[in-house]
Amino acid sequence: MRVSGQTMWQQHLAKLRLYQRQCALTSKAVRVHQLHSTSTGFTDRCYDDLYPGHIHTTPIQKALLAVGSGVAALQNPYRHDMVAVLGETTGHLALLNLRDRMRNDPEGYTVLTERPRIRLSTLDLSKMASLPDGSFGREYLRFLEDNHVTPDSRADVKFVDNEELAYIMQRYREVHDLLHTLLGMPTNMLGEVAVKWFEAAQTGLPMCALGAVLGPLRLNARRLQSLFTSLGPWALQNGRRSRCILSIFYERRWEQSVEDLRQELNIEPPPITLSATNKKSTKKYE
Amino acid sequence: MSASMRLLVRRAIRLSDTNIQISAAARAAARAAARSSSCRCFSDAAEDRSTHFGFETVPETEKAKRVYKVFENVAQRYDIMNDAMSLGIHRVWKDMLLHAMHPQPGVRLLDVAGGTGDISFRFLEYVRSQQERQKRRAARSMQTPSWQDISNNYSTEDEDGPLESRAVVCDINKEMLKVGKQKADSMGISTGLSWVVGDAEELPFDDDQFDIYTIAFGIRNVTHIDQALQEALRVLKPGGRFMCLEFSKVTNPVLARLYDAYSFQMIPVLGEVIAGDWKSYQYLVESIRKFPDQEEFTGMIEDAGFYCVQYRNLTGGVVALHSGFKL
């Protein structure tokens, strides 16, 4: 990022410092990993050095993976791991963009430094169940129960070669369910497509865009009509103007009411209410 | 030390293991010979020796477990992945193994690391067609039978009994055997085939049981290859044949570069896309690089005590077919 008034030499120095910091972090991670492995006497694969589950891939491999996973995901949309791999291999630029947006937002910056994870083990379900109706935590729990989903079913990130971007990708996946709650969309096909349109407008991830384009192909005429006339435009508009959804520290806002949160994020309530019983399949479309 | 001397020494060691009394001097000589020939039979259990798991180094005790996990994960998609990775050429390799084997009706085959049963199915098909060919030949030569011939034929009608060929599929991994059994059921093959769980380093069979021992694309996953070879020698009948199909070193440098690029770039990607498992297929291509080349493996087979050991390169050395006899 060019800041006027800075000399070229100062910019180079800043870049060098950033690179050094990255190297230090990476080498620290490698050293920690080595320490761990020698203590257990069992060396783990040399791939897991940026983050657990990380697999190094060359650009050729990434390209092949993108193509292969795209084809596999189109053939069988229920292969969530393929959709995930497609997202990881094609989303680099979008992830960089998201990271910049998160850094520029104070709450987003907190999320990036504290790295919260949403899973059943970190959620206090009994406390959330005791919250009043209309609060974010209660509605989220209701969403999980009605649609028979769990936050633990997200695949881990494997092919992103930057630790921070990998976290952002993971956060995006985990926030997906919360987005359903915020937008009031169930996990049937129409609801998923609406959420995908919102996400595509918000994040710019190619995988979301692909899902947004191909998802409607599986809808019947009535749903297509409701998508194109009311849900679709609503999702796109709100996706564009809303605050970055990844920048919100959701774990600290369970008590907040959904309406309040929507206002804060600049999201209008949905034009149509879709119910969870109105679903054709129970499988999630990530 | 010559191969026959080593064989004698190894037999002596085995006898001493089964608590048969031999002279102390012979025992000491056997132990000394064992140590000098770096036999791992007497290694200390507490000593943590390490071996390779792909390009990683792991303790020997871990390797078997990890290999088990790899094949447990890939079992369901094993055949599809084989077709995808080798573009169907693996079928040609296995057919060439059978042609080199040229089994006649009545032989007993032990297919170690047989897993999904590809070799055994081909074996049964081959002997069945051989049997039919023999019947046809016999029928052709008996176009105008005399009364004497006809009465002889009636008395020797149940010749099929002793000519029944049997294939035993042995694998350490239950998942692979399960997939193989399902395949057999769907193909309708039931007679002459049995499925046994067993470790190639310690086969659950008596001595001198089988006419042919095959191990196709399995021996590089064994922790102690020399032990597997010794077991092969033990369970084969005298005159029995050992045949091994395994990935090996490509001789042509241009082909080698292409092969390496394909192995390391394409195969893990295929593993991830088709089977959802990158790391297992990464292990598979790395284990190929760690396996000894054609000449070295020939030496290992000879050391175990086989004779007339030869090898043939298939597809320019991508796969090598080794063969030896127990005489």
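This note goes through a predicted model with chains A and B, point by point.

1. **Overall make-up of chain B.** Chain B contains 12 helices and 9 strands. Of its 327 residues, 46% are buried. Taking the contacts in chain B between residues at least 6 apart in sequence, 74% join residues at least 24 apart.

2. **The interface.** Chain B puts 21 residues in contact with 24 residues of chain A. The size of an interface is often given as the accessible area lost when the parts come together. Here the area buried between chain B and chain A is about 1,700 Å², and carbon and sulfur atoms give 55% of it. On the chain B side, Val273(B), Trp278(B) and Lys279(B) lose the most area to chain A, together 35% of what that side buries.

3. **Pairs across the interface.** Between chain B and chain A the count is 1 salt bridge. Lys158(A) forms a salt bridge with Glu272(B), and the closest N and O atoms are 3.1 Å apart. Which elements of chain B give two or more residues to the side that touches chain A? They are strand E2 (56–59), helix H3 (60–74), helix H10 (253–275) and helix H11 (278–290). H10(B) gives the most, with 8 residues. By type, the residues on this side of chain B are 11 nonpolar, 4 polar and 6 charged.

4. **Helix H12 of chain A.** This helix covers residues 258–265, and Val258(A), Leu261(A), Arg262(A) and Leu265(A) are buried in it. They cover an arc of only 100° around the axis, so they are on the same side of H12(A). An α-helix has 3.6 residues a turn, so residues three or four places apart point the same way. The buried residues of H12(A) pack against helix H7 (136–147) and helix H8 (163–183) of chain A.

5. **The residue after that helix.** H12(A) is followed by Asn266(A). Phi of Asn266(A) is near 70°, a positive value in a residue other than glycine. Asn266(A) is partly exposed, with a relative accessible area of 38%. His102(B) sits in the loop between helix H5 (89–101) and strand E3 (108–112) of chain B. Its relative accessible area is 40%, so His102(B) counts as partly exposed.

6. **Salt bridges in chain A.** Over all chains the count comes to 39 salt bridges. Side chains of opposite charge can pair when their charged atoms come close. One such pair is Arg253(A) with Glu264(A), at 2.8 Å from N to O. Arg253(A) is in the loop between helix H11 (221–241) and H12 of chain A, while Glu264(A) is in helix H12, 11 residues apart. Is Arg253(A) buried or exposed? Arg253(A) is buried, at 12% relative accessible area, whereas Glu264(A) is partly exposed, at 35%. Both belong to a network of salt bridges that also links Asp105(A), Glu107(A) and Arg243(A).

7. **Salt bridges in chain B.** Asp79(B) and Lys183(B) meet through their side chains in a salt bridge of 3.3 Å, N to O. Asp79(B) lies in helix H4 (residues 78–86) and Lys183(B) in helix H8 (residues 174–187), so the pair ties together parts that are 104 residues apart in sequence. Lys183(B) is buried, with a relative accessible area of 19%. A further salt bridge joins Asp83(B) and Arg91(B) at 2.6 Å, N to O. Asp83(B) is partly exposed, at 24% relative accessible area, and Arg91(B) is partly exposed as well, at 43%.

8. **Two glutamines in chain B.** Gln294(B) lies in helix H12 (residues 294–304) of chain B. Gln294(B) is buried, with a relative accessible area of 5%. Leaving out residues up to four places away in sequence, the residues Gln294(B) touches include Ser248(B), Lys249(B), Tyr311(B) and His322(B). Gln209(B) is in the loop between strand E5 (193–197) and strand E6 (210–216) of chain B, and is partly exposed, with a relative accessible area of 26%. The side chains of Gln209(B) and Arg108(B) are joined by a polar contact of 3.5 Å. From Gln209(B) to Lys249(B) there are 40 residues in sequence and 32 Å in space, C-alpha to C-alpha.

Terms used:
Residues numbered from 1 in each chain as written. Chains lettered and ligands numbered in written order. Predicted model: local features only at pLDDT ≥ 70, side-chain atom pairs only at ≥ 80, totals over all residues. Heavy atoms only, no water. Contact = heavy atoms within 4.5 Å. Buried area = accessible area lost by both parts, 1.4 Å probe. Salt bridge = Lys/Arg side-chain N within 4 Å of Asp/Glu carboxyl O. Helix = DSSP H or I, 4+ residues; strand = E, 2+ residues; numbered from the N terminus. Nonpolar A, V, L, I, M, F, W, Y, C, P; charged D, E, K, R; others polar. Buried < 20%, exposed > 50% of the residue type's maximum accessible area, 1.4 Å probe, protein only. Arc of directions from axis to C-beta. Polar contact = N/O pair within 3.5 Å; in protein donor to acceptor, adjacent residues only side chain to side chain.
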